[in-house]
Amino acid sequence: MRLGCCYYPEHWPENLWAEDALRMVETGLSQVRIGEFAWSRIEPDPGQFDWGWLDRAIETLHSAGLEVILGTPTATPPKWLVDTMPDMVATNEHGHARVFGSRRHYCFSHRGYRAEAARITRAVANRYGKHPAVVAWQTDNEYGCHDTVLSFSDAARLAFREWLAARYGTAMDLNRAWGNVFWSMEYRSFDEIDLPGLTVTEANPAHWLAFRRFASDEVAAFNRSQVEILRELSPGRDVVHNYMGFFTEFDHHAIASDLDVVGWDSYPLGFLDSFPFTEADKLAYARQGHPDIAAFHHDLYRGCTPSGRWSVLEQQPGPVNWANHNPAPLPGMVRLWTLEAMAHGAELVSYFRWRQFPQAQEQHHAGLLLPDSEPALGLAEAAQSARDIAMLGPVGDPPKQVALIFAYDADWVTKIQPQGKGVSALWATFSCYSALRQLGLDIDIVPPGRPLDGYALVALPCLPIVPDCLVAELKRFSGQIVIGPRSGSRDADFAISDGLPPGPLRALFPGKVVRVESLRPGLTHPGKDWEIERWLEHLETAAEPEMIALDGTVACWRHRQVRYMSAWPNQEVAHAVLARAAKDAGLATHALPEGLRLRRAGENTFAFNYSQTPVHLPDTVTGHLLLGQRTLHPADVSILKAN
């Protein structure tokens, strides 16, 4: 694994560049990511390019022995461009323009901006496409950040109508697929169809699902346009993009199909504070991040491409500036996050950023250096990580144990029609992932249709739309299967499945869901060491009830190798069901102390202590120590090699 950093030479006096490059190399960094926000410096006036500063920056980095990941600068179109076509900006659901003054101020559907994005990409690739320092390209930056996937602009409305016509053929077929006879919502032509925002009450969920699919396709098309240019003008270089945490607004698998390497931006402390974790977890892990945040995204994005190539393109090295509360990482956590990425197969961990900038929106966002160039706390840990990585060498691939099936349209369905607060497919998947990690298991998160050969256990935490290819793959699968609630509950156009849920999964499980309840807080069905909460499905089935609450309510049914969770997979329910399935699958599990997590890679077992207290490795975790001790202090890492 390589280490790198995000660097912005345009932020700093040129006489600092060579010193910065030397210090990067001395720290153990070998790649530098630059240029993704530099359009106004590259092209300060329309058609007038200033390449000199960027030429010199790239040469300075190259002379020091650093490789460059060069970004296309399309996430920050300059003011002069916005002024030439003011309608290029995205529009929110209320019809308000997302104006110039920060970043990501463009609409994916605006054909004029797409042409400009292609033009600047071609210009940069023409200039640097064959430069020996440039080993990879990053397209744009964090597609969809700041709620910019869904644009309600005139350009989006016109493009959406074209997309609908291509998908459905006739308005009559669309009416039939969406059930538009309900509430007299029928259309005579595609030209009558608006975007689904600002209706008096909720819009047709099929309308929303189509709009989300369309918006995702627009992101993919925008990205593909850049990729094609980069492949033409810069052959042999990898093309990457940096995804975000807990972000599902577009289909990441679709974008990944055009990339060589999937990247993501890892900010465990910011994510813990910003997303719906419990207050207890937010306090217990305030300086470490929840033990499964980083690992979940490592495995999610590793599963986005069949090749499994992925990187961390931005790694938090200190406090961030964008959460409600921004504590500093516990000493040792920057190293722990780095080595955990290594254990999950990362090719690169790139720290954001080299030096903290004293101006503009991210003044409080830490870097490896302080604004005065003195070392920040993360610098020493980055250097230690480089020494650890050099000592370890290649660590090998993870074993195949559990496949967790996740699709982005699953989260769209549960957001569009939640039917109960806090029951999204993304968080059902995270809950099951966390339960499996607490059992000490290794997980691959894969899309529907990916081959399942070699796995012992497959879980579908929440998959409302089940494609035929997945059903066929599951019918061939000989291991244990766990199906979560809402799976198979909708067809491709959001109608309740023929024959009732779980729809096509009835080929595996003999039963149907006849009633669904969402449960308010406090309305629960306690079991022995778990309880049914949030969501409950009542089934007519010949399957055996396996987990029964004290009042007789069934939380999980079993038929041969298949289990069906009729309760929402909170941590306790998910742990109980998946532990049973893992045992039946013949997988060896571990009773891990709170905050301890494991990851196998080749013959190596990595152990990470996310807790605030020392923990001891269970006796079931065997091997001789390559790094660390069997007692791990907070933020410690230990690595054992199989005997």
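This is a predicted model: local features need pLDDT of at least 70, side-chain atom pairs count only at pLDDT 80 or more; totals for chains, interfaces and linings use all residues.
1. Disulfides. The count of disulfides in this structure comes to 0. Cys-5 takes part in none, and the nearest cysteine sulfur to it, that of Cys-6, is 6.8 Å away.

2. Is Cys-5 buried or exposed? Cys-5 is buried, with a relative accessible area of 0%. Cys-469 is partly exposed, at a relative accessible area of 41%.

3. Strand S21. How many of the residues of strand S21 (residues 604–609) are buried? The count is 6 of the 6, so the strand is largely enclosed by the rest of the structure. In a regular strand, side chains alternate between the two faces of the sheet. In S21 both faces are covered. Asn-604, Phe-606 and Phe-608 are buried on one side, and Thr-605, Ala-607 and Asn-609 are buried on the other.

4. Partners of S21. Strand S20 (residues 596–601) runs antiparallel to S21 and is joined to it by 6 bridges. Within this pairing, Arg-599 stands opposite Phe-606 in S21. The two strands form a hairpin with 2 residues between them, where Gly-602 takes a positive phi near 60 degrees. S21 also pairs with strand S25 (residues 637–641), again in the antiparallel sense, over 5 bridges. Here the bridge partner of Phe-608 is Val-637 in S25.

5. Cis peptide bonds. Most residues other than glycine have a negative phi, and most peptide bonds are trans. The bond from Phe-352 to Arg-353 is cis, with omega near 15 degrees. Arg-353 sits in the loop between strand S8 (348–351) and helix H14 (377–392). The bond from Pro-501 to Pro-502 is also cis, with omega near 5 degrees. Pro-502 belongs to the loop between strand S12 (480–483) and strand S13 (511–518).

6. Positive phi outside glycine. Asp-147 has a phi near 60 degrees, a positive value in a residue other than glycine. This aspartate lies in the loop between strand S4 (134–138) and helix H6 (154–168). Asp-147 is exposed, with a relative accessible area of 61%. Phe-246 also has a positive phi, near 50 degrees. Its place is the loop between strand S5 (238–243) and helix H9 (252–256). Is Phe-246 buried or exposed? At 7% relative accessibility, Phe-246 counts as buried.

7. The largest cavity. Rolling a probe the size of a water molecule over the atoms shows where empty space is left. The structure holds 2 cavities of 30 Å³ or more. The largest has a volume of about 40 Å³. Its lining is made up of Cys-107, Phe-108, Ser-109, Val-149, Ser-151, Ala-156, Phe-214, Ala-215 and Glu-218. Helix H8 (residues 205–233) gives the most to this lining, with 3 residues. By class, the lining of the largest cavity has 6 nonpolar, 2 polar and 1 charged residues.

8. The second largest cavity. This cavity holds about 30 Å³ of space. Which residues line the second largest cavity? They are Arg-114, Ala-117, Ala-118, Phe-222, Ser-225 and Gln-226. Helix H5 (111–128) and H8 are the elements that give two or more residues to this lining. The lining residues divide into 3 nonpolar, 2 polar and 1 charged.

9. The second largest pocket. The volume of the second largest pocket is about 890 Å³. It is lined by 32 residues, of which the closest to its centre are Pro-276, Thr-278, Glu-533, Arg-534 and Asn-570. Helix H16 (425–438) and helix H18 (571–584) each supply at least two residues of this lining. Which element gives the largest share of the lining of the second largest pocket? That element is H16, with 6 residues. By class, the pocket lining has 11 nonpolar, 13 polar and 8 charged residues.

Technical notes
Residues are numbered from 1 along each chain as its sequence is written. Side-chain values use heavy atoms; hydrogens and water are left out. A disulfide is a pair of cysteine sulfur atoms within 2.5 Å. Buried means under 20% relative accessible area, exposed over 50%, partly exposed in between (1.4 Å probe, protein chains only). On a 1 Å grid over the protein atoms alone, a cavity is a set of points where a 1.4 Å probe fits but cannot get out, and a pocket is an open set with protein on both sides within 12 Å along at least five of seven lines; lining residues have an atom within 4 Å of a point. Grid points are joined across faces, edges and corners, and a volume is the space filled by probe spheres set on the points. Helices (H or I, at least four residues) and strands (E, at least two) are DSSP runs, numbered from the N terminus. Ala, Val, Leu, Ile, Met, Phe, Trp, Tyr, Cys and Pro count as nonpolar, Asp, Glu, Lys and Arg as charged, and the others, Gly among them, as polar. Two strands pair if DSSP finds at least two bridges between them.
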